[in-house]
Amino acid sequence: LLSKNVDKVFVATEKASKFMAYPEKCIVCGNPVREEITLADTAKAKQELGVVGKKVVLSFGGSLGAAMVNKAMQHLALHNKNREDIVHFHVVGRYDEGKFVKFLDENNINNPDRIIVNEYLYDIAKYMAAADIIICRCGALTIAELSCMGKASILIPSPNVAENHQFYNGKVLSDIDAAILIEEKDLNEKTITESFEKLYQNPQLIMDMGQRAKTAYNPRCVDIIYENLDL
């Protein structure tokens with residue numbers, strides 16, 4: 001809407017410019033991310049969280065939570081019930097109302113050191129840094145943060161957004177084999193556990209996906225914006 005009245009439009013990806021009314025005004029710069037993300041240290045984060053030597057999984061569906069993501073993580077928690085090498089941090093969101101913990105109790109998944117449930121994480125950058133596998137939605141900034149940190153991910157785009165834009169955000173990483181993309185209509189016990197197993201059984205793939213994710217991040221994003229401002 002605003003592109004009609006401005007001189008320049010900064011966009012995250014080349015593909016994004018094709019959706020703009022005035023693509024000739026677009027400058028591809030990437031998305032800037034918080035300093036906590038750019039300075040995150042995996043080894044330090046693992047040590048601070050007490051998960052050195054563990055395969056760390058982080059999953060979240062946004063600050064309010066996402067029922068479908070929570071359901072998928074229930075399947076995954078049950079699937080990994082007896083694996084002592086995994087520590088799984090899951091953010092249930094404000095609207096879970098204890099359902100996730102109740103599921104764990106009902107299925108005798110009583111491993112407080114191996115599956116840690118939080119309503120919200122204020123220092124999520126630390127948990128992202130510590131994670132080997134991240135399972136989440138596909139907000140534009142989340143994609144930028146995953147890319148900056150170089151993290152392998154399983155992405156579940158929300159279908160309840162304008163023009164299904166989270167799906168296209170996710171494709172930025174899945175198209176370069178840096179993420180596994182599961183649309184919510186295809187999300188079930190089989191797809192989430194098979195996708196997880198593909199990564200869990202192949203540590204080299206996790207590393208390769210992380211390296212490919214980094215190629216989607218432009219560390220000069222803020223510089224490009226600054227250099228193109230007519231001050």
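Predicted model: local features only at pLDDT ≥ 70, side-chain atom pairs only at ≥ 80, totals over all residues.
**Before you start**

Local features here need pLDDT of at least 70, side-chain atom pairs count only at pLDDT 80 or more, and totals for chains, interfaces and linings use all residues. Residues are numbered from 1 along each chain as its sequence is written, and side-chain values use heavy atoms, with hydrogens and water left out.

**Stop 1**

Select the six strands that form an open sheet, in the order 5-4-3-6-7-8. Their pairing is parallel. The edges are strand 5 (115–118) and strand 8 (179–181), each pairing on one side only. Neighbouring strands are turned by 15° against each other on average, direction ignored. Helices (H or I, at least four residues) and strands (E, at least two) are DSSP runs, numbered from the N terminus. Two strands pair if DSSP finds at least two bridges between them. Axes are lines fitted to C-alpha atoms, for helices over the stretch in contact, and angles run from 0 to 180 degrees between N-to-C directions.

Now pick strand 3 (residues 55–60) and strand 6 (residues 133–136). Three bridges join this parallel pair. Leu58 stands opposite Ile134 in strand 6.

**Stop 2: helices on the sheet**

Show helix 5 (residues 99–106). Helix 5 packs on the sheet and touches strand 4 (86–91) and strand 5; contact means heavy atoms within 4.5 Å. The direction of helix 5 makes about 155° with that of strand 5. Next, helix 8 (residues 165–174) packs on the sheet against strand 7 (152–155) and strand 8. Its direction makes about 140° with that of strand 8.

**Stop 3: strand 4**

Colour strand 4 by accessibility. Six of its six residues are buried (under 20% relative accessible area; exposed is over 50%, partly exposed in between; 1.4 Å probe, protein chains only). In a regular strand the side chains alternate between the two faces of the sheet. Ile86, His88 and His90 point one way from strand 4; Val87, Phe89 and Val91 point the other way.

Which residue is the bridge partner of Val56 in strand 4? Val87 is. Strand 3 and strand 4 pair over six bridges, in the parallel sense. On to strand 5: four bridges join strand 4 to strand 5, again parallel. There, Val91 has Asn118 as its bridge partner.

**Stop 4: the largest pocket**

Display the largest pocket, with a volume of about 840 Å³. On a 1 Å grid over the protein atoms alone, a pocket is an open set of points where a 1.4 Å probe fits, with protein on both sides within 12 Å along at least five of seven lines; lining residues have an atom within 4 Å of a point. Grid points are joined across faces, edges and corners, and the volume is the space filled by probe spheres set on the points.

Of the 27 lining residues, select the closest to the centre: Ala12, Thr13, Ala16, Asn169 and Val172. Helix 8 gives the largest share of the lining, five residues.

**Stop 5: helix 7**

Helix 7 (140–149) also supplies at least two residues of that lining. Eight of its 10 residues are buried, among them Glu145 and Met149. Gly150 follows the helix, with a positive phi near 70°.

**Stop 6: Ser158**

Finish in the loop between strand 7 and helix 8, at Ser158. Why does Ser158 count as buried? Because its relative accessibility is 11%. Beyond residues up to four places away in sequence, Ser158 touches Arg137, Asn164 and Gln166. Gly139 is 19 residues away in sequence and 8.7 Å away in space, C-alpha to C-alpha.
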